Amino acid sequence: MPFIDLESNLPASKFSEEFLKKLCTVTATALGKPEERMNLVVKPGLPMLIAGSCSPCVMLSVSAIGVTDTAEKNKEHSAKIFQFLTGELGLSEDRIVIRFYALEPMQVGKKGTVMSFL
């Protein structure tokens with residue numbers, strides 16, 4: 001059950017429903033997870049600074065169980081996600097930062113319990 005959080009200083013108009021669905025598909029594929037398990041939030045129009053500049057930018061957080069726990073996995077995920085974001089949003093790679101968080105099943109609640117008991 002991955003969680004994708006995208007924060008950006010780009011306007012909300014850049015993040016249509018179509019964009020959200022594409023981002024869901026791309027991240028699900030990159031992580032090897034089914035789309036119906038994905039959780040995605042986009043927060044546009046934020047005051048942001050990356051590398052000393054307030055130029056258009058994106059910070060993306062990827063939290064997941066079992067697929068974000070090694071540098072090798074995250075390097076592969078990063079390449080696929082960067083390709084999508086640079087293409088869709090017209091940003092250069094230096095204006096995008098991705099953070100990966102490894103979750104344990106006990107850290108995700110669902111249906112009144114946690115994933116380790118489902």
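**View 1. Helix α2 is the place of H77.** Helices here are DSSP runs of H or I with at least four residues, strands are DSSP runs of E with at least two, and both are numbered from the N terminus. H77 is buried, with a relative accessible area of 6%, where buried means under 20% relative accessible area, exposed means over 50% and partly exposed lies in between (1.4 Å probe, protein chains only). Not counting residues up to four places away in sequence, H77 touches A30, L31, V67, T68 and F100, a contact being heavy atoms within 4.5 Å. The model shown is predicted, so that local features need pLDDT of at least 70 and side-chain atom pairs count only at pLDDT 80 or more, whereas totals for chains, interfaces and linings use all residues. Residues are numbered from 1 along each chain as its sequence is written, and side-chain values use heavy atoms, with hydrogens and water left out.

**View 2. S78 also lies in helix α2, which covers residues 71–89.** S78 is buried, its relative accessible area being 18%. When residues up to four places away in sequence are not counted, S78 touches I98 and F100.

**View 3. Strand β1, residues 3–8, has side chains that alternate between two faces.** β1 runs parallel to strand β2 (residues 39–43), and five bridges join the two; strands are said to pair if DSSP finds at least two bridges between them. Within this pairing, F3 stands opposite N39 of β2. With β3, strand β1 pairs in the antiparallel sense over six bridges, and here D5 stands opposite S61.

**View 4. Strand β3, residues 58–65, is largely enclosed by the rest of the structure, because seven of its eight residues are buried.** Strand β4 (residues 96–103) runs parallel to β3, and the two are joined by eight bridges. In this pairing L60 stands opposite I98 of β4.

**View 5. S63 is found in strand β3.** At 12% relative accessibility, S63 counts as buried. Leaving aside neighbours within four places in sequence, S63 is in contact with M1, P2, F3, Y101 and L103. S63 and S8 are 55 residues apart in sequence, and their C-alpha atoms are 18 Å apart in space.

**View 6. The whole protein contains two helices and six strands.** From the N terminus on, these elements run in the order β-α-β-β-α-β-β-β. The C-alpha trace spans about 45 × 30 × 25 Å along its principal axes. Of the 118 residues, 37% are buried. Among the contacts with a separation of 6 or more, 72% are between residues 24 or more positions apart. The accessible surface of the protein comes to about 6600 Å², and 55% of this belongs to carbon and sulfur atoms, with areas taken from the Shrake-Rupley method using a 1.4 Å probe and, for residues, only the protein chains shown counting as cover.
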